[in-house]
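Load the model and keep the selection tool ready.

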Amino acid sequence: MSTTPVYRWRLAPEGLATRRQLRARGLRPGGQPVAAQLERPRRRRGPLVAYLYSIDLAKPIRPMTPAKWAALAKANAARRVCPECGRDAGYVIPPSLGACATCAYPDEQRAA
């Protein structure tokens with residue numbers, strides 16, 4: 001049973017990177033296990049933890065295919081359609097409202 005090394009914030013050795021750092025380099029973990037973790041202490045709460053992956057074992061990110069772009073565009077378009085009136089709101093409808101501004105606040109639309 002091997003334990004994962006733990007480093008203090010900003011003291012990780014060269015050759016290790018977080019997911020975001022890998023992504024900035026055009027890489028992804030590619031199924032490799034976590035090589036180490038960073039811990040940033042906080043007051044009154046547990047530490048913030050970031051997992052580190054080996055840059056040498058990372059794989060290049062997969063490019064978006066035309067089918068993935070089409071699926072993403074379709075999903076984003078669906079988020080703009082109001083379930084109440086069925087119209088395209090022109091913006092992504094917030095889940096907290098659940099409907100476009102006209103349907104969510106009908107009284108305020110009449111007063112304007």
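Which strands each supply at least two residues of the lining of the largest pocket? Select β2 (16-17) and β5 (48-54); strands here are DSSP E runs of at least two residues, numbered from the N terminus.

Two notes before moving on. This is a predicted model, where local features need pLDDT of at least 70 and side-chain atom pairs pLDDT 80 or more, while totals for chains, interfaces and linings use all residues. Residues are numbered from 1 along each chain, and side-chain values use heavy atoms, without hydrogens and water.

**The pocket**

A pocket is an open set of points on a 1 Å grid where a 1.4 Å probe fits, with protein on both sides within 12 Å along at least five of seven lines; lining residues have an atom within 4 Å of a point. The largest one has a volume of about 270 Å³, the space filled by probe spheres set on the points. Now select Ala12, Leu16, Gln21, Leu38 and Leu52, the closest to its centre of the 16 lining residues.

**The core**

Next, select Ala17, Leu22, Leu27, Tyr53, Ile55 and Ala58. These 6 residues form the largest nonpolar core, a set of buried residues (under 20% relative accessible area, 1.4 Å probe, protein chains only) joined through side-chain atoms within 4.5 Å.

**The cysteines**

Finish with Cys82, Cys100 and Cys103. The structure holds 0 disulfides, meaning pairs of cysteine sulfur atoms within 2.5 Å. The Cys82 sulfur has its closest cysteine sulfur in Cys100, 3.7 Å away, too far for a bond. From Cys103 the closest is also in Cys100, at 3.6 Å, again too far. Cys82 is buried at 2% relative accessibility.

Terms used. Buried < 20%, exposed > 50% of the residue type's maximum accessible area, 1.4 Å probe, protein only. Helix = DSSP H or I, 4+ residues; strand = E, 2+ residues; numbered from the N terminus.
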